[in-house]
Amino acid sequence: MNIEPTGELAIRVVAMPKDTNPAGDVFGGWLLSQMDLAGGVFCRKIAKGRVVTVKIESTTFNAPVFIGDTLCCYVSLVKIGRTSITTHIEAYVNRDFEDTRIKVTEGNFKYVKMDENKKPTPIEQPEL
């Protein structure tokens, strides 16, 4: 079954042997860091500036990631606040040379726009 992801493809990377623990499993932390990078790429475009991660919530690990899997992170906008952007990030893998996608992880990540002094700064709101 091929599941269609929601959101914009923000990052694509191959899981490598260096991303594993001694048992050969890909670290959950590696997966979360890839999702965080994807969210940052997405939010920088909206904020038109530097963003930092302030919260990761409701993360669900659905399936493992294996060495050689192509990880694809899709990001969708949940909410824009005064200084923050909340996103929903879905991580999928393609195993070996198969065309099917497997959703491995999803969660909500919150970012805050920072100014040159590393202080939260307002995000320009789009005019309606």
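These are my notebook entries on a few residues I looked up in this structure.

**Ground rules.** I am working with a predicted model, where local features need pLDDT of at least 70, side-chain atom pairs count only at pLDDT 80 or more, and totals for chains, interfaces and linings use all residues. Residues are numbered from 1 along each chain as its sequence is written, and side-chain values use heavy atoms, with hydrogens and water left out.

**Aromatic rings.** I looked for ring pairs of Phe, Tyr and Trp (its six-membered ring), with centres within 6.5 Å; planes under 30 degrees apart count as stacked, over 60 as edge-to-face and the rest as tilted. I found 1 aromatic pair by this rule. Tyr-74 and Tyr-92 are edge-to-face, because their planes stand at 90°, with the ring centres 5.8 Å apart. Tyr-74 sits in strand 3 (residues 70-80) and Tyr-92 in strand 4, so the pair ties together parts 18 residues apart in sequence. Strands here are DSSP runs (E, at least two residues), numbered from the N terminus. I noted that both Tyr-74 and Tyr-92 are buried (under 20% relative accessible area, with exposed over 50%, partly exposed in between, 1.4 Å probe, protein chains only).

**Positive phi.** I came across Ser-58, not a glycine, yet with a positive phi of about 50°; Ser-58 belongs to strand 2 (residues 51-61). Lys-118 is not a glycine either, and its positive phi is about 65°. I located Lys-118 in the segment after strand 5 (102-113), and Lys-118 is exposed at a relative accessible area of 55%.

**Arg-101.** I found Arg-101 in the loop between strand 4 (84-94) and strand 5. Its C-alpha atom is 9.7 Å from that of Thr-70, 31 residues away along the chain.

Terms used:
Helices (H or I, at least four residues) and strands (E, at least two) are DSSP runs, numbered from the N terminus.
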